[in-house]
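Here's a quick briefing for anyone meeting this structure for the first time. Have a look at the sequence and the model, then read on.

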Amino acid sequence: MITRLLVANRGEIARRVFATCRALGVATVAVHSDADADAPFVAEADHAVRLPGNTPAETYLRIDLVLDAARRSGADAVHPGYGFLAENAEFAAAVTDAGLTWVGPSAKAIAAMGDKMAAKALLADAGVPMLPTWTDPDQVTAFPVLVKASAGGGGRGMRIVRDAAGLAEAVAGARREAAAAFGDGTVFIERYVERGRHVEVQIFGDTRGTIVALGVRDCSVQRRHQKIVEEAPGVLPDEVRERLHSAAVAAGRAVDYVGAGTVEFLLAPDGQVHFLEMNTRLQVEHPVTELTTGLDLVRLQLLVADGEPLPVPATPVPQGHAIEVRLCAEEPAEGFRPATGTLHRFAIPGVDAEFGPTRGLRLDSGVVDGSTVSVHYDSMLAKLVAWAPTRTEAARALAGALARAELHGVATNRDLLVRVLRSGEFAAADVDTGFLDRHPEVFAPLLPAEQLPLAALAAALSGAAARRAAAPVLAGLPSGWRNVPAVPQVTRFTDIEIHYRLTRTNTLAEWARTGPLLTDSVEERAPLDSELPVVELVSADPDRVVLDVDGVRRAFRVHRVGSSVFVDGPDGAASLTELPRLPRPTAALAAGSLLAPLPGAVTRVHVEVGQRVAAGDLLLTLEAMKLEHPVLAPADGVVAELPVAPGGQVETGAVLAVVDPEEDPQ
């Protein structure tokens, strides 16, 4: 019987497993990198063992270090979570050989499904339908195709290629990305289906030969081939659902599957089902299955690993509907570029439970207030899941909770997720893997541009209130008050400048704005805009401002961290940076400088100094947070400087290249 479990993973999945362990009375062990030393999952474990280093290759991918941690901590079992070593047959075998209980399928089953080409051949013999697949790029005869990593998943090492000209570079890039994420750069190529839906079946097996299907999930809304919205049950005809269940169980039987696994399929517009892959682990999206079945899948994993029979005799009938979103630290409008930094506030209202199968609003998070989002790991911060009797209710509740969340300090995909959940196409279940490509409108921020001045006004008034509250004398007087009104007070932010004047009774006498600020020259500033709503100040405190806007009251929550001001209002959130009244001089960058958007490693440099480039040309490739990020020429010009070389590490703001927009002197 398992008494002390080591989780060979990090973040929210480690916390998720620990939650079930606490309920079952199983002691827990965390392993952690130096970057994760202060992470919530480490604090919640009964025991924790340091893995010296920061990168996955130094820490979470080291089988020897993880096994040594199990020995030193007295663990008698290992749960791999997902990602890292979760689908590594060598790791599963090493755990078993060390005399520990492995919470997962056999090493043989992992190996069979881990070699995705061999898995396709095996399951094709078992009657599971397949897509045309190639291992040699020269053999590809039809496009479009999808280049995929043979090891791991999560969208890493995947590229859509629509013609032969781009295939070689796509294969090379996929190999590099897969090697960085999984330690294995093997890739293959399969036919890409336009407007396909990504659906999957959760299966579970035990050591007695029982294999059951626990329902179908729809995970079609994706970015960079990684799921961001998942739901159960998938909205499908009963006949298609039955075919998926049968094919998934057949896949499990073909490898004598034990434990939790997911068989993924592509559903074509014509109703044909094609096998994609089998993930021999717990999936990120498992909570939607838990909420619609009432089952704790981690509990079932531990029972089956202990040799107990699976207490699920048949496929359960789903109850209600559950939708999950992956809240990630990234910039959707910038190609989903990952974001790093300190998460100053992480607060989501109305959460009913964390990590457990309790129905309602569930939060599975790897972060808390003050957490650092590191460049070394995946950008996912948390999963928010809503269960309701109907799909419409679940989507509305989830969108509402996300919209009201306070997410300060790191850019996230929150606004995009809310817009997806509130879109008419999602409401009609008209989704597929190309959903985001066809709907650029969902990339717009929730806060309309015309509402930014109100958020900035709230930020300015809260700042004035904070200064008055801290004043050593005459704190009761309104900020900037004079016996004879003179000029308004001015608060400058990076993108907007607010002018306002308060009366003796602390009411708003007038306000205006300028912006965006393109110059420090007063003569060249944008003209003052007074064509704004009629606003009355109801109340202003350092952390809350209430305004009456054209007769409608609006409350704004304001949170300050240094010069950063985060404003959450009824129409959306704004992140502002207040500028100092007397800024210090700084060195000017050369025109055409391209700066690193986040820390990372330069993997390839595609141009040379003196080379003529056109707008959009690929200059170099930056690897960060397990993904490759292209750096493109902003305009036509000549490469004037390349201060970094392949393999070089850069910090945020470092100059990667300088493109001189002037004509080539040659």
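Strand 16 (330-331), strand 24 (406-408), helix 12 (414-421), strand 31 (564-569) and strand 32 (572-577) each give at least two residues to the lining of the second largest pocket. Helices (H or I, at least four residues) and strands (E, at least two) are DSSP runs, numbered from the N terminus. This is a predicted model, where local features need pLDDT of at least 70 and side-chain atom pairs count only at pLDDT 80 or more, while totals for chains, interfaces and linings use all residues. Residues are numbered from 1 along each chain as its sequence is written, and side-chain values use heavy atoms, with hydrogens and water left out.

**The second largest pocket**
- Strand 32 brings the largest share of this lining, five residues.
- The volume of the second largest pocket is about 970 Å³ (the space filled by probe spheres set on grid points, joined across faces, edges and corners).
- Out of 33 lining residues, Asp415, Pro445, Ala573, Ala574 and Ser575 sit closest to its centre.
- On a 1 Å grid over the protein atoms alone, a pocket is an open set of points with protein on both sides within 12 Å along at least five of seven lines; a cavity is a set where a 1.4 Å probe fits but cannot get out; and lining residues have an atom within 4 Å of a point.
- Sorted by class, the pocket lining has 20 nonpolar, six polar and seven charged residues (Ala, Val, Leu, Ile, Met, Phe, Trp, Tyr, Cys and Pro are nonpolar; Asp, Glu, Lys and Arg charged; the others, Gly among them, polar).

**Cavities**
- There are six cavities of 30 Å³ or more.
- The largest cavity has a volume of about 50 Å³, and of its 14 lining residues, Pro80, Val103, Gly104, Thr280 and Arg281 are the closest to its centre.
- Its lining has eight nonpolar, five polar and one charged residues.

**Cysteines**
- The disulfide count is zero (a disulfide being a pair of cysteine sulfur atoms within 2.5 Å).
- Cys219 is in no disulfide, and the nearest cysteine sulfur, that of Cys328, is 14 Å away.
- Cys219 is buried at 0% relative accessible area (buried means under 20%, exposed over 50%, partly exposed in between, with a 1.4 Å probe and protein chains only).
- Cys328 is buried too, at 1%.

**Arg391**
- Arg391 belongs to helix 11 (residues 391-404) and is buried at 14% relative accessibility.
- Beyond neighbours within four places in sequence, Arg391 is in contact with residues including Glu231, His321 and Phe426 (heavy atoms within 4.5 Å).
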